[in-house]
Amino acid sequence: MNDFFEDNTVYPHKPEWRMTMGENVNDTGLLGKHDTNTMTAMVYDSYGTLEVLRIEEVDIPAPKEHEVLVEIHATSVNSWDWDLLRGKPYINRLGGIRQPRYRILGADIAGRVIAVGSAAKRFRPGDEVFGDLSGCGWGGFAEYVCASEDALTPKPTGLSFAQAAAIPQAAVLALQGLRDKGNLQKGQRVLINGAGGGVGTFAIQYAKLYGAEVTGVDRAEKLDMLRSIGADHVLDYTIEDFTVRGLKYDLILDVVGNRSIFALKRALKLGGTYVMVGGSMPRILLALLAAPLVAQFERKKIALLIHRPNHGDQMVWKELVESGQVQPVIDRQYPLSDASQALRDIGEGRVKGKVVVCMKN
C-alpha cells in the first residue's frame with residue numbers, strides 16, 4: 001500500500017502532501033477495494049449525450065499544497081452536469097470549445113479526507129466533508145477527487161453521505177436567490193417556478209422558515225411532494241399559467257425559465273422582485289436589458305443569480321439540517337456504474353428533489 005505514496009513513476013515529482021493511516025481514516029487501506037494507484041471514474045472526451053460517457057480506470061490524483069484528497073462516498077447530479085455534458089448552451093464550452101475542459105463531471109460531493117496538501121490547514125485525514133467543486137475542477141463522478149480545502153465544509157452531523165451530497169449547489173443557489181437577490185421577508189407571497197427540483201425543494205423549506213406564503217409550480221407528479229415539504233399552494237404548469245391568474249407575488253424565484261420575462265413581471269406586485277437562476281444566453285441578455293426599464297417605470301426588480309459557491313453559505317445549510325429545520329429531498333440513488341442513468345433523469349426533468357450517485361454504501 002505504501003507504494004502508492006512513493007511510486008515516482010506515477011508522480012515524477014514527489015507530491016507535497018501528507019496523510020495518516022489508522023482506524024479513523026480507513027482500516028482497509030486507502031484504496032479499499034484493491035491495492036493500486038488507479039480509481040474508477042465516469043469520463044467523457046467529447047460533447048454529446050449519454051453515448052459519450054464511459055466507465056474507465058484513471059490515475060488517482062495527488063493533492064496540491066492547498067488541496068485535500070477526498071474518498072468520495074456520494075455525489076449528487078445537477079442540471080449543470082447535463083448542460084456541460086451536451087455543451088449547451090454554448091456558454092458551457094468556455095475553457096473547452098471543442099472538447100470538455102474537465103473529463104469527469106460532478107460538483108456536489110460528500111466523503112472522507114484521505115490526505116492533505118502541505119499547506120492545507122482546515123482538514124485532516126479522517127474528516128468527513130461535503131462541498132461544491134464547480135469552482136475547482138469538478139471530478140465528483142469518481143472514487144476519489146482532489147479539491148481546494150476552501151470548497152469543503154464539515155459534513156452535517158447525523159446525515160448520511162448521500163444526504164450531504166444532495167445539499168451544496170442546489171441549497172446555496174436557493175439561499176442566494178431568496179436571501180441575497182430576493183431580500184426575502186416574513187409574510188411575503190413567494191412563488192417558486194420549477195419547485196420540484198433540487199433548488200426548488202430547498203427554496204420552499206427556506207422560505208417557509210421565514211414565514212413566507214409559498215406557491216410551488218411544477219409537473220403534476222411532483223405536487224404532493226411539494227405539499228409535504230411545506231408549500232402552501234401548488235400549480236401544475238402544464239395546465240395552468242400562473243402569469244395570467246391575476247395573483248401577484250412579492251418574490252418569484254425562477255429555476256426553469258419557461259415563461260417570458262414580460263409575462264413574469266405581470267405576476268409581480270409593485271416593488272416585487274423576479275430572480276432568474278441561470279438560463280439561456282438570449283434570456284439572460286433580455287433580462288439585463290429589461291431590468292433598468294422595469295425598475296424605472298414599473299417599480300419592479302429583475303435580478304440574475306450567478307452561482308457563487310462558498311463555505312459560509314454551506315455552513316448555513318449545515319446548521320439548518322443538523323437542527324432538523326430542513327431536509328434534502330432525494331428521489332433516486334444509483335451506483336457509479338449507472339451514473340449515466342442519473343444524468344438521463346435530470347435531462348428529462350422528472351426528478352423529485354435530487355438524484356444521487358453512491359460510490360459506497
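This is a predicted model: local features need pLDDT of at least 70, side-chain atom pairs count only at pLDDT 80 or more; totals for chains, interfaces and linings use all residues.
Residues are numbered from 1 along each chain as its sequence is written, and side-chain values use heavy atoms, with hydrogens and water left out.

Let me begin with strand β4, residues 67-77, where strands (E, at least two residues) and helices (H or I, at least four) are DSSP runs numbered from the N terminus. This strand is mostly covered, in that 11 of its 11 residues are buried, meaning under 20% relative accessible area with a 1.4 Å probe and protein chains only.

As for its partners, two strands pair if DSSP finds at least two bridges between them. With β5, residues 108-117, β4 runs antiparallel through 8 bridges, and there V70 stands opposite V113. With β7, residues 144-148, the arrangement is antiparallel with 5 bridges, and L69 faces C146. With β16, residues 354-358, there are 4 bridges, antiparallel again, and S76 is set opposite V356.

I turn now to D345, which lies in helix α10, residues 339-348. Is D345 buried or exposed? D345 counts as buried because its relative accessible area is 4%. Leaving aside residues up to four places away in sequence, D345 touches R332, Y334, R350, V351 and V355, a contact being heavy atoms within 4.5 Å.

Technical notes: Buried means under 20% relative accessible area, exposed over 50%, partly exposed in between (1.4 Å probe, protein chains only).
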